[in-house]
Amino acid sequence: IDNASLYGPELEARLESTGAEVEGLMGLFSEHGVPSGGAILDLACGVGRHSILLAEKGYKVVGVDISPKFIKREGGLAADRGISDRVEFLVGDMRRVGELLRDREEPFHAVINMFTSHGYWDDATDRAIFKQACDLTRRGGIFVIHTVNRDWLVKHFQARDVSDREGGRVVIMERRL
C-alpha cells in the first residue's frame with residue numbers, strides 16, 4: 001500500500017495496450033449479453049486504465065484498488081475527462097470486496113480482474129476473492145480474469161529482476177515459484 005509508487009510505472013507502461021484490451025473486453029461483453037452502459041466492477045483496478053476507457057465507452061464502472069494513491073489519481077483523471085458520473089473509485093482490499101460493496105443495490109453485469117492481480121495468497125484466499133466477485137455479479141453476468149500463463153511463466157521464470165526507477169530508486173524483485 002505504502003509503496004504503490006514503486007509499481008505505478010509498471011502499470012503506466014501498459015497504458016498503450018489498454019485500448020486493445022478494452023476492445024477485447026467489449027467483445028466478450030457483447031458475446032455474453034453485457035448491455036452497453038452496463039455495470040462493471042474493475043477489481044484491483046490499479047491506475048484505472050481499464051475503468052477509465054470503459055466509462056468513456058458508456059459503461060458504469062466501479063474500480064476498487066488497495067492503493068489510495070492510485071485511487072486519488074484515477075478520480076482526478078475521471079474528472080478531467082468528464083466521466084465522473086460513470087465511474088467511481090474506491091479504496092479497498094480485493095480480499096474484502098464483498099464487505100466493501102455489500103450495500104450496493106444493483107449487481108454488476110461483469111467483473112474484470114486484469115493483469116494478474118490475484119494468486120499472491122493461498123488457494124483458499126483466491127477462491128474466497130472469486131466467490132465474493134461472483135456474489136456481486138448478477139445471474140448470467142460474467143467474470144473476466146486476466147492472468148499470466150503458468151506454462152509461459154515456468155519456461156521464462158526469473159528469480160530476480162533489478163530495475164532503475166525515477167528519483168534514483170532501484171527496485172529489486174525476488175520471486176519464487
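V144 lies in strand 5 of this predicted model. Strands (E, at least two residues) and helices (H or I, at least four) are DSSP runs, numbered from the N terminus. V144 is buried, with a relative accessible area of 14%; buried means under 20% relative accessible area, exposed over 50%, and partly exposed in between (1.4 Å probe, protein chains only). Not counting residues up to four places away in sequence, V144 touches L25, L28, V111, I112 and N113, where contact means heavy atoms within 4.5 Å. V144 and F29 are 115 residues apart in sequence, while their C-alpha atoms are 9.6 Å apart in space.

Residues are numbered from 1 along each chain as its sequence is written. Local features need pLDDT of at least 70 and side-chain atom pairs count only at pLDDT 80 or more, while totals for chains, interfaces and linings use all residues; side-chain values use heavy atoms, with hydrogens and water left out.

Strand 4 (residues 108-113) runs parallel to strand 5 and is joined to it by 5 bridges. The bridge partner of I112 in strand 5 is V144.

D126 lies in helix 6 (residues 123-135). D126 is buried yet has no salt bridge; R127, the nearest side chain of opposite charge, is 7.9 Å away. Here Lys and Arg count as positive and Asp and Glu as negative, with His and the chain ends not counted. Leaving aside residues up to four places away in sequence, D126 touches H118, G119, Y120 and W121.

**Salt bridges**

A salt bridge is a side-chain nitrogen of Lys or Arg within 4 Å of a carboxyl oxygen of Asp or Glu. The structure holds 9 salt bridges, including these:

| Pair | N to O distance |
|---|---|
| E23 and K57 | 3.2 Å |
| D85 and R86 | 3.9 Å |
| D93 and R95 | 2.6 Å |

E23 lies in helix 2 (residues 15-31) and K57 in the loop between helix 3 and strand 2 (60-65), so the pair ties together parts that are 34 residues apart in sequence. E23 is partly exposed at 44% relative accessible area, and K57 is partly exposed at 43%. D85 is exposed at 62%, whereas R86 is partly exposed at 24%. D93 is buried at 11% and R95 is partly exposed at 32%. A network of salt bridges links D93, R95 and R96.

**Helix 3 and the cysteines**

Helix 3 (residues 49-56) is mostly covered, with 6 of its 8 residues buried. These are R49, H50, S51, I52, L54 and A55. G58 follows helix 3 and has a positive phi, near 105°.

A search of the whole structure finds 0 disulfides, a disulfide being a pair of cysteine sulfur atoms within 2.5 Å. C45 is buried, with a relative accessible area of 5%, while C134 is partly exposed at 42%.

Notes
Pairing = 2+ DSSP bridges.
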